[in-house]
Amino acid sequence: MSGVGSEWCRWRLLASTFIGLLVVALLSVSAQSSLKHEATTESKNDQADPNHVIKISSPKSRSSYKHIWPDIKFGWKIVVGAIIGFFGAACWSVGGDGGGGIFLPMLNLIVGFDAKSSVALARCMITGVAASTFVYNLRQRHPTLDIPIIDYDLALLFQPMLVLGISIGVAFNVIFADWMITILLIVLLIVMSTKAFLKGVESWKKETITKREAARCLELNEEFKFEPESLSNDTTPEKTEEPRKSEVSIMQNIYWKELGLLVAVWAVVLALQIAKNYEVTCSVVYWVLNFLQIPVAGAVSAYEAIALYKGRRKIASKGDARTKWRAHQLVLYCACGIMAGVVGGLLGLGGGFILSPLFLELGIPPQVSSATAIFVMTFASSISVVEYYLLKGFPVPYAIYFFAVATIAAIVGQYVVRKLINIFARASIIIFTLSFTIFVSALTLGGVGLAKVIKRIEHKEYMGFDSICSYT
């Protein structure tokens, strides 16, 4: 219980830091908006090549956005992009954080899509990674227990909150300035990468001790082997327990009730999101449809949290049925699920870089942590893909191509890493992969964000920049 208490303190500190950053950002937005004059930022889009610019208007929206879609042709850009995407999907599927940290810069800087189209296509790739990994894991079992590798109770607690948080994050993305998003991204990614790395070191040390003890026990067993003649005539050896299967049929590995609840939340939220896009922005109906997501998502997570609190359900993948869940812990975990969704929607990522380290801190094995985080992300990312498709936010041929690349890469990555785990008997490989991928995401996304901030400062394109200068 002391481990759970220290874990609660660490995550409470992280949540407080995140909320503090949001408050500072909102205050900054309020201060800048009071000084803001008429800003013109559409001149850059007008200078783009008209052969590559497509103007898209959302339903019942007064504004329009000019997407930059490169011509669909075979060349070095699409080849390099596919190679980077393949490597990224293979590694990121193992860690359980989706891969948005490498997909976004690749699509924007190498292939040549505009920022919003890059986010939409990155969502397609994340969905490919998540869906293929989920299908691959449907036959897999828990590394030590006779249960599925996907923890459906854990998914029931976090998936509705993640979906709800993404809707909030998308709204914040419109409000926040680029420099706020960049700072938030760098701080969170570095913190989560460090936590994952430290957890990996801890797991590596435990695995080393376990391997030494196993080797010592094997030596003792060889020394004390008895001869067959020592058995009396009426003695029969005890029946050996049937070895646990690492793979079973898909039908045995799915908890249909829990999966049905998750699919129901996904379907209702998706319907509300689609209906919202066909209403006038900020109208009464628009906000009603937005707020209806709260009782839908909150009811399912509350149902699971109450069941865990009263002991009717348990997080079986921990292997400890006696865990006593406290109310404030469950509230914190739900808040972390919302935070993962908010950050995912704000930064265009999947939210797995928060869920995976959180699951590890809860004592979930790395294999289960990765599989469950990817399973939860499947629902959230697929909602975004459907929305972007209806709004014509990406070119379908490119989406199909990169979706296929990510799908194949994720399956290859899962297969290779599980082979390595079986060979070296070290599940910490997954944790170190997670830490590495989050750190790379911090470098790529943080670097791109800082470059954009510096460029805008040089051209005085920030909201309120000229006003602030004249005011001072």
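Is R426 buried or exposed? R426 has 11% relative accessibility and counts as buried, the term standing for under 20% relative accessible area, with exposed meaning over 50% and partly exposed the range in between (1.4 Å probe, protein chains only). The model is predicted: local features need pLDDT of at least 70, side-chain atom pairs count only at pLDDT 80 or more, and totals for chains, interfaces and linings use all residues. Residues are numbered from 1 along each chain as its sequence is written, and side-chain values use heavy atoms, with hydrogens and water left out.

A search of the whole structure finds seven salt bridges, each defined as a side-chain nitrogen of Lys or Arg within 4 Å of a carboxyl oxygen of Asp or Glu. In one of them, R426 meets E207 at 3.7 Å, N to O. R426 lies in the loop between α14 and α15 (428–458) and E207 in helix α7 (residues 178–223), so the pair ties together parts 219 residues apart in sequence. Helices here are DSSP runs (H or I, at least four residues), numbered from the N terminus. E207 is also buried, at 12% relative accessibility.

R313 forms a salt bridge with D153, with the closest N and O atoms 2.6 Å apart. This pair links distant parts of the chain, 160 residues apart: R313 is in the loop between α10 (293–310) and α11 (327–347), and D153 is in helix α6 (residues 152–175). R313 also pairs with E304, at 3.1 Å between the closest N and O atoms. E304 is buried, at 0% relative accessibility. D153, E258, E304 and R313 are linked in a network of salt bridges.

Key: Helix = DSSP H or I, 4+ residues; strand = E, 2+ residues; numbered from the N terminus.
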